[in-house]
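Biologist: I have a model open on my screen and would like to learn how to read it. Could you walk me through some features, starting with the sheets?

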Amino acid sequence: MNNHLQSIVVVGGGTAGWLSAGIIAAYLQKHHSLNYKITLVESSDIPTVGVGEGTWPTMRRTLQNMGVDEADFINQCNVSFKQGAKFAKWHTGKEDDFYYHPLMMPQGFNDTDLSSAWLNLHTQPNGQLQPSFANYVCPQQALCEHNLAPKLITTAQYSAVANYAYHLDAGLFATFLKNHCVNKLNVTHVVSTIEAVNNHKNGDIASLSLDNNTTLAGDLFIDCSGFKSLLLGDNLKVGFKSCKDVLFADSALAVHVPYDENQPISSHTISTAQSAGWIWDIGLQTRRGVGHVYSSRHISEQEAKNQLCDYLNIAQQDRTSLAVKKITFEPGHREKFWHKNCVAVGLSAGFLEPLEASALLLVEISANFIAEQLPANRQVMDITAARFNRTFSYRWQRIIDFLKLHYMLSKRTDSEFWLQHCAAQSIPQSLQDSLAIWQTHVPNDSHFDYSVEVFPAASYQYVLYGMGFKTATTHYGNNPHYLKKAHNLVIKNAKDTALLVNKLPGNRTLLDQIKQFGLAAI
């Protein structure tokens with residue numbers, strides 16, 4: 001392959017495969033005059049794993065760049081709006097223990113960090129009575145508590161009044177993407193089982209032998225084959241790096257739950273900690289998606305199911321008939337993600353757990369990297385691969401650190417699961433170093449390699465302060481000029497919160513309106 005790279009083969013459908021094909025196809029059509037052929041091959045008998053159904057706000061830009069009509073996407077994929085995550089019982093385990101990780105940045109974040117003003121309140125005698133950090137710095141906790149939508153029916157597609165992402169049905173989303181990619185983006189769809197992977201003498205993948213007696217050749221292969229990692233793992237023998245010593249969850253029990261009559265649709269993911277894991281609760285348009293993520297080393301499957309049933313208030317006599325889908329996984333990722341002429345995206349690259357919805361986010365940023373830095377030929381591909389591997393090794397480690405942060409700050413002592421999460425030997429040194437710095441500094445973006453950061457400093461602030469971690473205030477925390485700006489921002493936040501609570505419709509109301517009227521073009 002010394003000539004121009006022309007043929008890209010995506011192996012595996014599902015969300016990762018079709019999202020990757022769509023992102024790359026849309027980008028190349030818009031930015032390149034050269035002809036590229038993108039083919040996606042998938043077997044007809046491999047089900048979608050579908051762990052978690054949440055996205056990050058980046059999905060709005062991704063779908064817009066692909067030319068997707070937002071109303072069509074919302075109506076066809078059982079979509080609801082997501083404005084953040086509510087973490088219940090993670091800190092102390094008590095009934096009134098919760099905090100929010102909203103999707104809005106704190107008021108004035110890039111100019112005036114309100115965390116010092118909030119921290120100063122908590123050093124006062126009655127500091128424990130002060131508002132939560134999320135409530136203090138942005139309106140979104142209040143919006144979520146009222147189950148409100150992030151926009152109006154008059155707000156244009158992909159535009160927002162309050163920043164938002166989506167909750168979606170993964171199976172419907174994969175079908176929707178497939179139709180869009182084939183009909184609008186000229187992606188070739190092949191339904192066939194791969195019987196063999198054929199390599200060049202130099203180890204590159206040359207072609208795939210399919211069960212319909214055809215051979216599919218390509219210049220670049222994107223492995224979206226799921227946990228099996230057919231190309232990168234099985235064929236090219238790239239090893240897997242487990243992180244089960246840091247993140248203990250390795251199993252999930254998922255179930256579909258119908259709504260009670262007139263039940264509101266939550267505007268956020270609800271994450272409720274259990275004795276050896278946590279339960280996600282996601283409201284779609286027509287049902288809730290609920291699941292228990294847990295560590296099989298700390299609790300049995302039956303105990304996990306009982307806790308899920310307790311959460312759902314299912315009577316004892318009805319529990320045996322509950323249709324639960326079990327998923328098992330080992331948290332971790334491949335030792336490298338791009339090797340030879342093959343790059344892994346999605347579950348074939350790795351999986352940690354559904355917390356903070358990082359799985360689809362990694363698919364988006366991986367596919368965008370491939371599209372934007374697509375090597376012109378084989379001679380330069382190894383350079384691109386090395387850059388990809390450096391960038392994504394860093395990103396995976398930062399995500400591991402961020403997920404671990406949720407667990408190791410807990411004050412729960414009711415099980416070995418929580419106690420072991422707080423043990424120093426299970427906390428990565430990189431996270432320990434960051435925590436040491438944050439004891440003397442408010443987290444800010446200068447503490448990260450922001451050009452490749454997945455979660456910004458604001459996200460760390462929401463989790464740290466929600467979990468009761470105390471950082472020192474900044475050196476300007478008592479500066480009169482800072483205090484005046486902070487005071488004005490707090491007043492502005494209170495006014496914005498009151499305005500939006502009164503202005504925005506309920507989540508269900510807006511979704512019904514979109515079904516009837518659609519959304520205005522941008």
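Modeller: Strands (E, at least two residues) and helices (H or I, at least four) are DSSP runs, numbered from the N terminus. Keep in mind that this is a predicted model: local features need pLDDT of at least 70 and side-chain atom pairs count only at pLDDT 80 or more, while totals for chains, interfaces and linings use all residues. Residues are numbered from 1 along each chain as its sequence is written, and side-chain values use heavy atoms, with hydrogens and water left out.

Biologist: In what order do the 7 strands of the open sheet run?

Modeller: The order is 5-4-14-15-16-13-17, and the pairing is mixed. Strand 5 (98-102) and strand 17 (325-328) are at the edges; each has a single partner strand, so one side of each lacks a neighbour in the sheet. From one strand to the next, the twist averages 20°; such angles run from 0 to 180 degrees between N-to-C directions, with axes as lines fitted to C-alpha atoms, for helices over the stretch in contact.

Biologist: In which sense do strand 14 and strand 15 pair?

Modeller: Strand 14 (residues 269-274) and strand 15 (residues 277-283) are antiparallel, with 5 bridges. Look for Ile 270, whose bridge partner in strand 15 is Asp 281.

Biologist: And what is the order in the open sheet of 3 strands?

Modeller: That one goes 8-9-10, with antiparallel pairing. Its edges are strand 8 (194-199) and strand 10 (215-217), each with a single partner strand, so one side of each is left without a neighbour in the sheet. Here the twist averages 25° from one strand to the next. Strand 8 and strand 9 (residues 205-210) share 5 bridges, and Asn 198 stands opposite Ser 207 in strand 9.

Biologist: How do I read burial? Which residues of helix 9 are buried?

Modeller: Buried means under 20% relative accessible area, exposed over 50%, and partly exposed in between (1.4 Å probe, protein chains only). In helix 9 (residues 301-311), the buried residues are Ala 304, Lys 305, Gln 307, Leu 308 and Cys 309. They pack against strand 13 (251-257), strand 14, strand 15 and strand 16 (288-294). Just after helix 9, Asn 313 has a positive phi of about 55°.

Biologist: What about helices meeting each other? At what angle do helix 11 and helix 13 cross?

Modeller: The axes of helix 11 (residues 378-408) and helix 13 (residues 429-438) cross at roughly 65° and come within 9 Å. Contact means heavy atoms within 4.5 Å. Helix 11 brings Gln 397, Arg 398, Asp 401, Lys 404, Leu 405 and Met 408 to the contact, and helix 13 brings Ser 430, Leu 431 and Leu 435.

Biologist: Which side chain makes a polar contact with His 421?

Modeller: A polar contact is a pair of N or O atoms within 3.5 Å; within protein, one must be able to donate a hydrogen and the other to accept it, and residues adjacent in sequence count only if both atoms are side-chain atoms. The side chain of Lys 404 is joined to that of His 421 at 2.8 Å. His 421 lies in helix 12 (residues 416-421) and counts as buried because its relative accessibility is 0%.

Biologist: One more: is Asn 493 buried or exposed?

Modeller: Asn 493 counts as buried because its relative accessibility is 2%. Asn 493 sits in helix 15 (residues 480-503), and a polar atom of the Asn 493 side chain lies 3.2 Å from the backbone nitrogen of Cys 138.

Notes: Two strands pair if DSSP finds at least two bridges between them.
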